[in-house]
Amino acid sequence: MVEKSFLTQKYARLKFGPQYSIIGYSMAGEETVIQVPEMNVCFDVGRSPQFCLSSDYMCITHGHMDHVAGIAYYLSQKQFQGMKPGTVFVPEELERPLRRLLDVWRDIERQDTPHTIIPMRPDHLHEIRRDFGIRAVATHHGTGSLGYVLVSIREKLKPEYVTKTGEELAQLRADGVNIQYRVEVPIIAFLGDTSVGPVFEHPDVVNAELLITECTFFDPDHKSRAKAGKHLHVEQLARILPRLKNKHVVICHVSRRTGIRRAKHLLRKTVHEELLANVHFLMDFEQSKAGGDLDEPAAPTPKGQ
Ligand SMILES: [Zn+2]
Ligand SMILES: [Zn+2]
């Protein structure tokens with residue numbers, strides 16, 4: 001008798017009300033990929049699991065293999081499955097090496113994969129639509145590391161015009177008066193890998209509804225590892241948390257040396273309980289229920305099959 005069994009990798013899904021959710025996997029040094037399906041965006045590609053193909057915008061934080069390994073596969077699979085070509089945001093330092101990598105893959109695969117690469121620098125806002133953009137923020141993980149913020153862009157009526165009638169406003173518009181002003185609301189911030197630094201004071205990071213941050217190390221004797229690897233230690237996170245105004249904070253990129261259960265325990269020991277009400281670990285399956293299969297887009301029959 002041959003015993004048959006399925007082995008499946010567990011991905012986390014956290015739902016934040018009806019507006020958005022995150023689907024992902026994140027373990028330090030192994031793989032980080034976090035998708036916001038409702039916003040058509042994925043943060044880091046990891047090894048390019050199937051679910052990330054449904055995002056057309058891919059934000060790469062830095063060049064470490066656990067965050068970027070699957071980038072060529074992501075672009076190629078989107079093409080193979082007849083999906084929209086991917087748009088990849090990268091720190092500008094990575095633009096050239098990424099183009100070289102994709103050139104080599106074109107020679108290996110003997111096919112051209114359509115894609116767009118958008119080099120980003122700190123504080124640049126790339127507007128995808130009139131009401132939605134992605135802003136890069138400088139992180140502290142060596143040259144060319146960026147976090148990304150999903151920004152909702154709204155137009156509001158200037159206060160001096162709020163008492164005007166519709167007709168008057170129409171007339172003002174016709175006269176070429178700018179009656180509106182622009183408001184940018186940070187919705188989700190993802191930092192990728194980072195050590196402690198000014199990024200945790202960036203207004204978009206402090207005020208985003210949801211902040212997804214790494215915290216790799218928790219054990220007291222891992223402080224030197226955190227410093228050497230330019231990662232966060234829980235004692236640093238404990239000093240950061242009181243200054244944040246986010247509705248939710250999600251911790252990812254925990255070291256396997258510690259594991260989620262022990263990380264949770266050490267977080268509770270280090271941070272005041274009040275501050276932890278809205279703090280979650282991405283990979284904490286303890287009280288989670290089975291989410292079933294991911295809603296894969298109904299992919300058309302792949303070409304060439
Ligand atoms: Zn990493
Ligand atoms: Zn890294």
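Arg110 lies in the loop between helix 3 (95-109) and strand 7 (115-120). Helices (H or I, at least four residues) and strands (E, at least two) are DSSP runs, numbered from the N terminus. This is a predicted model, in which local features need pLDDT of at least 70 and side-chain atom pairs count only at pLDDT 80 or more, while totals for chains, interfaces and linings use all residues. Residues are numbered from 1 along each chain as its sequence is written, and chains are lettered from A and ligands numbered from 1 in the order in which they are written.

Arg110 is not a glycine, yet has a positive phi. Lys230, in the loop between helix 6 (223-228) and helix 7 (234-240), is not a glycine either and has a positive phi. A residue is buried if 20 or more other C-beta atoms lie within 10 Å of its own, exposed if 12 or fewer, and partly exposed in between, with C-beta atoms placed from the backbone.

| Residue | Phi | C-beta neighbours inside 10 Å | Class |
|---|---|---|---|
| Arg110 | about 55 degrees | 7 neighbours | exposed |
| Lys230 | about 55 degrees | 18 neighbours | partly exposed |

The model also has an open sheet of 7 strands with mixed pairing, in the order 8-9-10-11-12-13-14. Two strands pair if DSSP finds at least two bridges between them. Strand 8 (125-129) and strand 14 (279-281) are at the edges; each has a single partner strand, so one side of each has no neighbour in the sheet.

Within this sheet, strand 9 (residues 132-138) and strand 10 (residues 146-157) run antiparallel and are joined by 7 bridges. Ile134 has Leu150 in strand 10 as its bridge partner.
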